[in-house]
Amino acid sequence: MKILIDTYGADKGEKVLVDGAIKAQEKRNFTPVFVGNKDKIEELIDGRIKDYEIIHTDEFISNDEDPARAIRRKKNASIVLAFEKSKEEGYDGVLSAGSTGALLAGGLFIAKRIKGIDRACLATSLPTLGETTLLMDTGANMDCKKEFLEEFGLMGKVYLENVLNIENPKIGLLNVGVEEHKGNKLAKETYALLKEANLNFVGNIEARDLFTGKVNVILADGFDGNIAIKTAEGIFSLMGKELKDVFYKSLSNKLAAGILKKDLKSMFNKFSADEVGGAPLLGVKSYAYKAHGNANEIAISNAILGLMDYIDKNVIEKIEGELI
C-alpha cells in the first residue's frame, strides 16, 4: 500500500510528518510517498527507512488562501500533486495536516464527489464514556442544507458499519435542546427530514453529550461542529494545566500525584486527540484523511494507520452501493 503524505501545513513542519510515517511503518508495512521539498525530506529521513518515495515540490496552499482558487491556479501545490497521484493505480490514499479547505477543494475538484453526494465532510471520532461517536462535519462545510446533513448521516452509517463494525448506528442532531421544536431553521428542517430518512435517527443531542456516547453519529454543519470540537480540546488542555498546578502546589499533593500518575495518564490519553490522529474526508472518490495542524508524530502515525484501515474496508465503494 502506498500512502501520499503532504508534508506542508503542519505547525511543527515536515519533521512531524516524516517521523509519524516512520513510526507508523513500525506497526504496519506500507510505502510512504512524501510530497514536498526533496532535500529537506531526505535530511529528515536520514537513512532510518529504505522503503519510501518523494514527489518534489516547493509549492503549497496556506490557510489564508482561497482554497478553490488556489487548487485551480497552483498546479504544483503539494495537495494538488497528492490528489492527482492518488488517481493513478498503486497509490491508495492521501494524508494532509494542512489547510482543511484545500483538502476539501482537492477532493471535490480533483478526486471528484461520489455520485449522489452533494457535499463531502470530515468525520471526527470523539473519545467517549460509552459507544463510539463520530462528529460530522467538523470544518469542511461552514454552511449546510438539510439534505447535506442527511448525506452526512448516511456516510457516517456506512463508515461505522464497515470500519468499526457497529450495526445500525444511532444518529443524533447537534442542537440547543433535545425537544423537536428547538433550534434554528436548519435544525428544525433537518430534524423533520431525518425523521423520514432510512436512518436510525434518535433525535437532538446537546453539546454536553458530545462525549457520553449516547449516539454513534452527531450531525452538525462545519461551523458548529468545529466550534464544538475545538472548545472541547481547549477545555481538556486547560484541565491538564490546572491539575498540574494543583499537584505541584505542595509536597502532599506531589505524593498524591505520584500515586495517581498512571491512572491520570490513562484518563487523559483516552481524551487525547493524538489517539484519534485524524478524520476521514467522506464523500469523494479518493481515500483522504485530515490530520490536525498541531499534530505530533504520534497523532500522524495514528492518522496514517486509520487511513489504511479506511482503505482496507472499501468504504467509498460501499457508500456508492448505498446510493444505487
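Student: Take L154: does it count as buried or exposed, and at what relative accessibility?

Tutor: Buried: L154 has a relative accessibility of 17%, and buried means under 20% relative accessible area, with over 50% called exposed and anything in between partly exposed (1.4 Å probe, protein chains only). Before going on, a word on the ground rules: this is a predicted model, so local features need pLDDT of at least 70 and side-chain atom pairs count only at pLDDT 80 or more, while totals for chains, interfaces and linings use all residues. Residues are numbered from 1 along each chain as its sequence is written, and side-chain values use heavy atoms, with hydrogens and water left out.

L154 sits in helix α6; helices here are DSSP runs of H or I with at least four residues, strands are E runs of at least two, and both are numbered from the N terminus. If you skip neighbours within four places in sequence, L154 touches L199, E322 and L323, where contact means heavy atoms within 4.5 Å. A197 is 43 residues away from L154 along the chain, with 9.3 Å between their C-alpha atoms.

Now the core. A nonpolar core is a set of buried Ala, Val, Leu, Ile, Met, Phe, Trp, Tyr and Cys residues joined through side-chain atoms within 4.5 Å. The largest one has 60 residues, and L95, M136, F152, I304 and Y310 have the most contacts inside it. Helix α6 (residues 146-163) supplies the largest share of this core, nine residues. At least three core residues come from each of domain 1 (1-117 + 283-323) and domain 2 (122-273), with bounds from an automatic or database domain assignment.

On to the strands. Five of the six residues of β5 (residues 121-126) are buried, so the strand is largely enclosed by the rest of the structure. β5 pairs with β6 (residues 133-136) in the antiparallel sense over four bridges; pairing takes at least two DSSP bridges between two strands. L126 has T133 in β6 as its bridge partner, and six residues separate the two strands of this hairpin. β5 also runs antiparallel to β10 (residues 278-282), joined by two bridges, with L122 opposite L281.

What about C121? C121 counts as buried, because its relative accessibility is 0%. The closest cysteine sulfur to that of C121 is in C144, 8.4 Å away, so a bond is out of reach. The whole structure has zero disulfides, a disulfide being a pair of cysteine sulfur atoms within 2.5 Å.

Finally, β7 (residues 170-174) is mostly covered, with four of its five residues buried. From β7 the chain passes through helix α7 (residues 185-196) to β8 in a right-handed β-α-β crossover: with the strands pointing away from the viewer, the path from the first strand over the helix to the second runs clockwise. Three bridges tie β7 to β9 (residues 217-219), also in parallel, with G172 opposite I218.
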